[in-house]
Amino acid sequence: MIKNYFKIAWRHLLRNKGLSFINISGLAIGMAFATLTGLWIHYETGFDSFHKNKDRIALVEKHTLYNNNRNTQEATPLPLYDELKSSYPEVKRATRMDFGDQHSLVVGNNKFKKLGRYVDPDFLEIFSFPLLKGNGKTALNDPNSIIITESLATALFGKADPIGKTIKLDNQFDVQVTAVARDVPENSTIQFDYLAPYEFGIQVSEFVRNNKTNWGNNFLLNVVELKEGVSMEAFSKKIGPLNVQKDERVKNQTLFLHPLSKWHLYNEYKNWVNVGGKIEYVRLFGLIGIFVLLIACINFMNLSTARSEKRSKEVGIRKAVGSKRLQLIIQFLSESIFTSFLAFLLSLALIQVVLPYLKDLGFENIRFSFTNVFLLIAAFLVCIITGLIAGSYPAFYLSSFIPVRVLKGMLKQGKGPAAFRKVLVVFQFAISIGLITSTAIVFQQIYHAKNRSLGYNPDNLISVDATDELAKNYTVLKQDILNTGYFESVSKASQPMTRIYNRWSDFSWEGKDPHTDIALDAIMTEWDFEKTAGLKFKEGRPFSIEHKTDSNAVILNEEALKVIGYKNPIGKTMTSGGRVITIVGIVENVLIDDPFKPVYPLAILFNANAANSIFLRVKPTADLKKALTAVQPVFSKYNAALPFEYSFVDEEFGKKFTTENQVGKLAGIFAGLAIFISCLGLFGLAVYMAESRVKEIGIRKVLGASVTNIWILLSKEFILLVLIACLIASPIAFWLMQDWLQKYDYRININWWVFVVAGLLAVVIALLTVSTQAIKAAVANPVAALRSQ
């Protein structure tokens, strides 16, 4: 019987090739992108799940109150580590961890710059990063030891055993390989190419050594593993006031635990409340993937019920010879599942074709392997569920026909099925219009943030990480760079132009309220910084070699001046760290951190010794390729241990929009798919409508109806449905996007014309789709349709 069902299904598909193409292609596209979305969701929700003790691991974070703003930060002070280990029995293990940075590693002629982290020996006990060689319990005991990943070991030593071998770190320190770790999984929040003991970091960094007992300087991560049965919430409350208790200078700070399970998807806070994070996009695209698949299923339902008269006699005969309704339901569901299976096979091919083009949209680590049995089973289940959903209504509807009425030719579709089809068409286009509108608003928000004033000029600005060798030879390096003739200025600073390294709360000035905690971002730099960065002065002057007192000078941005409140700031003084500094200039607000947030108060301090980044301003008339070729040997001369690596500041700034760009492009793709699949269904319905009303059209033409009259007659019902979809989609899209925009402090106001444009676009696309069949029916010869009458 089942074999017979599938044989009939195959014949039905071949007999209705156009309808079959619309159904199979629509379902295939829907299943392909639903599967891809499912793979992406599985990948995102699987972050850090491989750690054995994941339910007891947490990062110690803190809530702060600066400038009357409630903020949350990951960085905590160095002495917190010893306090947690010695005074809190709830803590089973603890480790310090820096934020990770690129360092040079040299073995013979093999030179690489890799991501390293300083951690404590408990790190490998807390986290499940398996070692291929070496002992995890002792590998980090020696301060001069290093653990490298498998891929780095191969790059440095080839096939030789790396254990016991020496590596030159940062072209200064000899460290010995004590273990080799398996490469870090892609879905790990913590990434590294090598691990070194935190005690080694203390030895080589004067800054770290000077802050061993300072509770007010926050520059590292503290991770704990709690003992079994200890509540994270209760422990958070216990350690909450620890910072304030340990140092009377620390105010308005509260420590708390952020569980490992929430690091990736729930990492955003607003006013001390966790407001989610990437989980919002996981939910969003999960819903969109389901909706796109539903739109494809709706096509199948609509076209199957619309053409029910074609199969009514088959149902009548089957019932007359003894078929029960349940058997007919099983038959039609089998046909639906068979169609879905064919679409499933096509969707597998689509996935392989499309996946490489989605690499830049967050799918770079997504794999679809035909050797993964569980993945294939999951995809096949999607196929079965799709077939059941798509075939459910047609199966129950077709099997309900009364055989006597059918065989007498008395079957006429009532208002119920037609109304249901209209509802489904409205649903399809409401989703499509909502996605089009949302995509437009996302890109408006990105454009709004990209085009706000930066306060500096990122174009033709090159940034180079300053190693110790480059910093030591900076004066001659700068002159050699200028001597190439391609650069108009060179400067250095304590940080890149797109990241904040320092936020200090020790600034004081005349009239400051002693009861408020106010912090300013701090950049340390020297002469020519304003020229190289392209700062825009509102008052005063830049640092100058002609002013010997500039060693104690400061330049403020407009927001800092607003916080300080000086009316005539130039020449007035402030204090920082016990040092009196004089305000020499005021610049426009410099946007360094999040482009979607207000600019933070900034103090630019003169410090000739600060050098984490070196900036090169290329002359406007210079050839960029020639400039880079000319400057490369200059850097190699003073930094022979590493290859010349650089970045363009404008490109680095553009990376701040990565997530929003991905969301916008993916939403655009889904909107395009939704409207395309909806139009496939609309096309099929238009074909059916033209076929079923062919005699009516013939009579109307004989009585004098024009092509335009016929076109309007056949198109107006569909256009009305699309307009109703616009009216439904617009307020829902407005509400959802208004809620999405609330996460950004710097945001657009949604304009009414976005909804009008999205609606008009949908109407035009629908009109073009329907018109192909409406015009074809309108220009047909009425004689052919009426000949049999």
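**Salt bridges in close-up**

The structure holds 22 salt bridges, a salt bridge being a side-chain nitrogen of Lys or Arg within 4 Å of a carboxyl oxygen of Asp or Glu. This is a predicted model, in which local features need pLDDT of at least 70 and side-chain atom pairs count only at pLDDT 80 or more, while totals for chains, interfaces and linings use all residues. Residues are numbered from 1 along each chain as its sequence is written, and side-chain values use heavy atoms, with hydrogens and water left out.

**View A. Lys133 pairs with Asp161.** The salt bridge spans 3.4 Å from N to O. Lys133 belongs to strand β7 (residues 131–133) and Asp161 to the loop between α5 (150–157) and β9 (166–169), so the contact ties together parts 28 residues apart in sequence. Helices (H or I, at least four residues) and strands (E, at least two) are DSSP runs, numbered from the N terminus. Lys133 is partly exposed at 35% relative accessibility, and Asp161 is partly exposed at 40%. Buried means under 20% relative accessible area, exposed over 50%, and partly exposed in between (1.4 Å probe, protein chains only).

**View B. Lys168 forms a salt bridge with Asp174.** The closest N and O atoms lie 3.3 Å apart. Lys168 has a relative accessible area of 29% and is partly exposed; Asp174, at 47%, also counts as partly exposed.

**View C. Arg541 meets Asp550 in a salt bridge.** The N to O distance is 2.9 Å. Asp550 is buried, at 1% relative accessibility, whereas Arg541 is partly exposed at 23%.

**View D. A network of salt bridges links four residues.** Its members are Arg56, Arg93, Glu125 and Glu225.
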